[in-house]
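Hello,

Here is the structure I promised to pass on. Please open it first, then read the notes below.

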Amino acid sequence: QVAGESWTKALQNFQSMNMADVFSGLPTQGMPEMPKALNFSKEKLEALQKQYVEEATQLWNQSITAKTELKDKRFASDAWAANPVAAFSAAAYLLNTRTLMGLADAVEADPKTTARIRFAVEQASAAMAPSNFLALNADAQKKIVETKGESLAKGMQNLMHDMRQGH
């Protein structure tokens with residue numbers, strides 16, 4: 001019930017946002033004018049909300065006690081399956097990404113605007129994947145243990161080298 005109420009509030013806030021304010025301060029040269037507000041298909045939103053609440057409830061109920069099946073190549077290794085916290089974070093990430101993509105698909109706009117929104121959501125979602133963060137990446141953690149920290153030390157050396165190069 002709480003998830004459903006939170007979802008409804010979030011969508012109401014999202015729909016009332018002025019998109020020009022969201023993108024203010026960003027470079028706009030060569031960019032088309034953003035619509036003042038986004039309109040969403042009510043039917044798609046209702047179906048998406050129902051699906052999200054059902055899947056989030058199922059994920060929460062199975063929590064970190066059950067083996068979570070992850071259908072994404074980034075989380076395919078045994079390291080993810082063997083680490084319940086990593087598996088849960090990956091499953092929650094995948095659920096949220098599917099939902100965000102569903103929101104992008106529910107936008108009622110011209111095809112070009114819809115494609116741009118989908119692209120932005122895909123890029124932001126990919127950047128937030130648990131596989132991109134050492135604290136959540138089961139593969140990297142396993143490698144650190146296997147190499148007795150050598151992989152982490154080499155990674156830090158590479159980071160420092162890149163920073164000295166101005167990257």
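Let me start with one side chain. Arginine 98 is partly exposed, at 46% relative accessible area. Its partner is glutamate 55, and the two side chains form a salt bridge, 2.6 Å from N to O. Arginine 98 sits in helix α5 and glutamate 55 in helix α3 (residues 42-62), so this pair ties together parts 43 residues apart in sequence. Glutamate 55 also counts as partly exposed, with 22% relative accessibility.

Please keep in mind that this is a predicted model.

**Overall picture**

The protein has eight helices and zero strands. Along the sequence the pattern reads α-α-α-α-α-α-α-α. Of its 167 residues, 26% count as buried. Take the contacts with a separation of 6 or more: 57% of them join residues 24 or more positions apart. The exposed surface comes to about 11,700 Å², and carbon and sulfur atoms supply 58% of it.

**Salt bridges**

The whole structure holds six salt bridges. Besides the pair above, look at aspartate 105 and arginine 118, whose side chains meet at 2.5 Å, N to O. Aspartate 105 is in helix α5 and arginine 118 in helix α6, 13 residues apart. Both are partly exposed: aspartate 105 at 35% relative accessible area, arginine 118 at 27%. A network of salt bridges links Asp105, Arg118 and Glu122.

Another bridge joins glutamate 146 and lysine 142, at 3.9 Å from N to O. This one stays inside helix α7, where the two residues are four apart, about one turn of the helix. An α-helix has 3.6 residues a turn, so residues three or four places apart point the same way. Glutamate 146 is exposed, at 52% relative accessible area. The cut-off for exposed is over 50%, so lysine 142 at 41% counts as partly exposed.

**Helix α6**

Helix α6 (residues 111-127) has 17 residues, which should span 24 Å at 1.5 Å a residue; its end C-alpha atoms are 24 Å apart, in agreement. Which residues of α6 are buried? They are Thr113, Thr114, Ile117, Val121 and Ser125. These residues cover an arc of only 100° around the axis, so they lie on the same side of α6. They pack against α5 (84-106). On the other side of α6, Pro111, Lys112 and Phe119 are exposed.

**The loop between α6 and α7**

Proline 130 is in this loop. It is buried, with a relative accessible area of 3%. Beyond residues up to four places away in sequence, proline 130 touches Phe75, Trp80, Ser89, Ala90, Tyr93, Leu136 and Asn137. Take serine 89: its C-alpha atom is 6.9 Å from that of proline 130, though the two are 41 residues apart along the chain.

Asparagine 137 is in the loop between α6 and α7 (138-146) as well. Is asparagine 137 buried or exposed? It is buried, at 11% relative accessible area. Neighbours within four places in sequence aside, asparagine 137 is in contact with Trp80, Pro130 and Ser131.

**A nonpolar patch**

Leu134, Leu152, Met156, Leu159, Met160 and Met163 make a nonpolar surface patch of about 530 Å². One of them, methionine 156, is found in helix α8 (residues 150-164). Methionine 156 is partly exposed, at 43% relative accessible area.

Best wishes

Terms used: Residues numbered from 1 in each chain as written. Predicted model: local features only at pLDDT ≥ 70, side-chain atom pairs only at ≥ 80, totals over all residues. Heavy atoms only, no water. Patch = residues over 30% accessible without salt bridge, like charges linked within 9 Å, V, L, I, M, F, W, Y side chains within 5 Å. Areas by Shrake-Rupley, 256 points an atom, 1.4 Å probe, with all protein chains shown as cover. Salt bridge = Lys/Arg side-chain N within 4 Å of Asp/Glu carboxyl O. Buried < 20%, exposed > 50% of the residue type's maximum accessible area, 1.4 Å probe, protein only. Contact = heavy atoms within 4.5 Å. Expected span 1.5 Å × (residues − 1). Arc of directions from axis to C-beta.
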